[in-house]
Structures are given as structure tokens and as C-alpha cells.
Amino acid sequence: MAPRLDFTSEAFFRDPPKAIAALRAQGPVVATHFPLVGDVWITTTHDATAQVLKDSTIFTLRKEDGEIAGLRWWMPGLVKTVANNMLTMDEPDHTRLRSIVDEAFRRRAIVAMEPRIRAIADGLADELFANGTPADLVERYARILPLSVISELLGLPMADRPRFIAWANAMSSLTNVVSFFRLLFAFRKMRTYLQEQLQIARERGGEGLIAELVQVEREGGEITPDEMVSMVFLLLAAGSETTTHLISGSVYELLRNPGLRDWMEQDWSRAALAVEEFLRFVSPVQFSKPRYVRRDIELAGVPLKKGDRVMVMLAAANMDPAVHEQPERLDLERKPNRHMSFGTGIHFCLGHQLARIEAACALEALFTRWPRLALAVDASQVHWRKRPGLRAIAKLPVIASDRQPVDLRDAMRSRSQPNTERPSRSGEASRSPAI
């Protein structure tokens with residue numbers, strides 16, 4: 001085994017390019033020890049990552065007997081029930097469950113939700129400092145926006161959102177075995193709550209994805225009651241947690257680099273391009289779930305044996321100099337951008353479109369409302385949660401700085417008017433600064 005790297009350390013999260021470059025220097029596939037998972041091989045290059053994710057016959061999420069690669073013997077049945085979702089399934093069960101949720105998503109036009117997402121973001125930006133200053137942008141904005149959107153998409157009551165925030169905070173605190181067992185209480189409450197919501201939808205119908213899933217179930221969709229609970233649990237958790245840290249990480253980078261923020265503010269149609277680079281550079285999801293190696297094989301020249309476990313390091317794929325020129329550099333105009341933040345292969349992220357829209361809306365709403373938003377502390381005082389596999393800023397204290405906030409009604413009116421004074425992209429003023 002190679003020397004163990006602390007994947008939860010402040011040094012690792014504060015400067016990922018440096019830590020990843022040192023890890024890659026050991027090879028394209030490295031043996032290490034990962035918190036909660038144990039001994040595992042991890043990929044450090046784009047090509048090795050893509051090979052594992054695309055070859056779902058050799059690299060499987062379960063053993064022949066159905067045992068999930070990411071679960072340990074000491075984990076209780078509750079966790080196994082919640083983990084029994086399409087993200088931990090191989091074919092044909094993956095396609096069976098994915099087709100059910102795909103059908104429900106097709107009945108909901110995600111792109112059509114953009115105006116509503118922007119309205120939610122505008123409202124949250126308006127209330128950012130309602131409880132005083134400085135405000136924690138993670139708690140007051142980055143966490144609430146995706147939770148509000150996914151709750152509305154699922155059709156969950158607005159009054160219940162404080163519960164979701166508490167559960168999300170509990171999940172973010174997962175760092176070791178002790179915190180894992182503390183999290184079981186939140187898991188139990190979430191499971192009971194979701195079972196109740198599904199039963200309400202079965203009896204009374206309703207609006208949102210839960211009602212759509214129940215309708216697919218009623219029409220003969222092959223899904224068990226436990227799988228239905230796990231599906232909704234996955235949508236609620238995955239549909240909010242990772243986007244929370246994409247938003248907060250993106251804001252952090254813009255506040256550290258005002259030139260980047262100014263470039264975006266010149267033309268907010270650039271937001272979609274910038275979000276792709278934030279996905280690559282921030283890499284909120286650092287690793288995939290563990291996979292079993294089904295037969296002896298060489299991966300990027302490294303021999304692996306049947307029964308070994310391997311995890312792809314998405315953050316390392318995103319920092320691979322063989323694919324990304326100067327990967328340690330945040331370049332908001334990067335083209336092409338072949339980041340792996342949503343994975344690839346059959347498990348490509350279902351919510352990629354929603355996450356992209358939410359991040360773009362979040363940035364535009366925030367900096368339109370507070371154009372001189374600033375960190376309330378030195379960047380060295382911003383810390384990350386010690387959560388393995390997730391790059392999550394713990395708190396991001398911000399202040400409104402020296403400029404008066406913009407009236408949202410004026411901002412909306414200005415957005416509806418064509419901007420004839422925007423500089424040409426070929427001009428010096430439109431050139432994106434990069435760091």
C-alpha cells in the first residue's frame with residue numbers, strides 16, 4: 001500500500017491541485033486507505049477514471065451475491081436499505097430503476113423550471129442579510145436554494161423544509177465512524193417521513209415528482225416499496241447536497257478573485273460557460289462510489305486482482321494535465337471543458353441539467369443583488385468540512401461591502417432590455433481573467 005493521504009485534511013481541500021499532483025506522481029492508479037471504505041485503489045487520471053466508469057461489466061458496484069461495494073459488514077440494515085438505489089446497482093436493475101425516474105423526469109420539463117429557480121434565488125438573495133451581517137452564505141443561500149428547488153420538484157410541503165435543512169446539515173457532518181452512527185437517527189426520521197409522503201401520494205395524488213413516481217408505479221413500473229423510498233431519498237439528498245457546495249465553492253472563488261466576478265457581471269450570458277469551469281475546478285464530488293473488480297485486469301498498466309475495490313477520483317480527472325491545459329488555473333472561458341464532475345457511462349448524473357441551471361441562477365441572482373459582496377474574513381479563515389469525498393465549505397461569512405444593494409425590480413427591468421453596450425468578446429474589456 002502507498003503512504004496514506006488524509007482525504008479530509010484542510011491542506012487537501014484548500015489546495016486540491018497540489019495534493020492531486022502529488023498523488024498522481026505515484027501513478028495513474030494508487031492503492032490507499034479511504035475513510036469508512038477501507039483499503040481501495042483510486043484513479044488519478046482522466047483516462048483511467050473514464051475506463052472504470054464506462055466498463056460496467058468488469059468494474060461493478062456489487063459482488064455476484066449482490067453485496068454493495070461501498071458498505072461494510074458493521075453497517076446496520078437501515079443504511080443498506082437507503083443505499084439500495086440506482087446509484088449502487090449494476091445492470092439490469094440499474095436500467096429498471098433509471099427508466100422509472102427518467103419517465104417521471106420527462107413529465108417535468110427541467111428547463112422550463114428556470115424562471116421559477118431564478119425567482120427562488122432572487123428571493124433568497126434579497127433576504128441574505130435579513131438576520132444581520134455578516135451572513136453565512138452556505139446556511140442562508142447555498143443550502144436553501146437547491147433544497148427549495150428539489151423539494152418543490154418532488155412536491156414536498158414548504159413547511160417541512162426546515163426538516164430537510166437539519167437533515168442536510170447532519171449528512172454534511174459525516175466524517176468518521178462515530179459521526180456515521182450519529183447520522184442513523186436522521187436517516188430513520190427521513191425514511192419514515194418519505195414513507196408517509198409516498199403513502200399520501202398513493203392515496204390522494206398530488207403534484208411533483210413523488211406523485212409522478214407513484215403514477216409510474218401504478219402503471220406497472222417494476223419497483224418495490226423500499227426501492228421507492230430509496231429513490232426519493234436519493235433525489236432529495238443528491239439533488240441538494242452537491243449543488244450546495246458547487247454554489248458556495250463558486251462564490252468563494254469569485255470573492256477571492258474580483259476580476260472574475262467583474263467579467264461575469266459584464267454579461268451574465270457567460271454564466272453557463274463559467275459554471276462548467278466551476279464544476280471542474282471546485283469539484284464538489286471528489287470520488288465515485290467504490291466498485292468491485294470482477295476479474296484480474298490491468299488498469300492503466302497497474303495490475304488489479306479480482307475482488308479488489310476501486311474508486312475513481314473525479315477531482316483528479318478534472319485536474320489531469322493530459323486533458324486540461326494548466327488545470328490548476330481557474331479559467332472561466334475554458335473550451336473545451338471535459339470535466340468529469342457528473343461522471344460518465346450508465347451512471348451519468350441524472351440531475352446534471354438541474355444543477356447547472358441552479359448554479360447559474362444562484363450566481364446571477366446573488367451578484368445582481370449584492371454587486372460588492374465580499375468575504376467577511378480573510379480567505380485563510382474559510383474552512384472545509386472534514387467530509388471524505390465531498391469538498392464542502394463549512395461556513396462562508398460574507399458582507400455587503402461598500403456599495404448599496406441593487407433593487408431587484410430595477411435589475412429585472414434591466415435584464416428585460418437588450419444590452420447594446422456590452423463589450424465585444426474580442427475586445428480587451430471582455431477578456432476573461434484567469435488565475
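Student: Which residues does Tyr141 touch, not counting residues up to four places away in sequence?

Tutor: Contact is defined as heavy atoms within 4.5 Å. On that basis Tyr141 touches Ala121, Leu124, Ala125, Leu128, Asp136, Pro146, Ile247, Cys361, Ala362, Ala365 and Leu366, with residues up to four places away in sequence left out of the list. Please keep in mind that this is a predicted model, in which local features need pLDDT of at least 70 and side-chain atom pairs count only at pLDDT 80 or more, while totals for chains, interfaces and linings use all residues. Residues are numbered from 1 along each chain as its sequence is written, and side-chain values use heavy atoms, with hydrogens and water left out.

Student: Which residues touch the most other members of the largest nonpolar core?

Tutor: A nonpolar core is a set of buried Ala, Val, Leu, Ile, Met, Phe, Trp, Tyr and Cys residues joined through side-chain atoms within 4.5 Å, where buried means under 20% relative accessible area, exposed over 50% and partly exposed in between, with a 1.4 Å probe and protein chains only. Here the largest such core has 114 residues, and those that touch the most other members are Leu128, Tyr141, Met264, Phe278, Leu373 and Leu396. Helix α17 gives the most to this core, with 11 residues; helices (H or I, at least four residues) and strands (E, at least two) are DSSP runs, numbered from the N terminus. Another core, of 17 residues, lies apart from it and includes Ala50, Ile58, Phe59 and Leu314.

Student: Which residues of helix α14 are buried, and where do they lie around its axis?

Tutor: An α-helix has 3.6 residues a turn, so residues three or four places apart point the same way. In α14 (residues 258-266) the buried residues are Leu260, Arg261, Trp263 and Met264. Seen down the axis, these buried residues of α14 fall within an arc of 160 degrees (taken from the directions from the helix axis to the C-beta atoms), so they line one face of the helix. Among the elements that cover them are α13 (241-256), α15 (271-282) and α17 (352-369).

Student: How many aromatic pairs are there, and which parts does the pair of Phe7 and Phe287 tie together?

Tutor: Rings of Phe, Tyr and Trp (its six-membered ring) pair if their centres lie within 6.5 Å, and planes under 30 degrees apart count as stacked, over 60 as edge-to-face and the rest as tilted. By this rule the count is eight aromatic pairs. The ring centres of Phe7 and Phe287 are 5.3 Å apart and their planes stand at 85 degrees, so this pair is edge-to-face. Phe7 lies in the segment before α1 (10-14) and Phe287 in the loop between α15 and β5 (291-293), so the pair ties together parts that are 280 residues apart in sequence.
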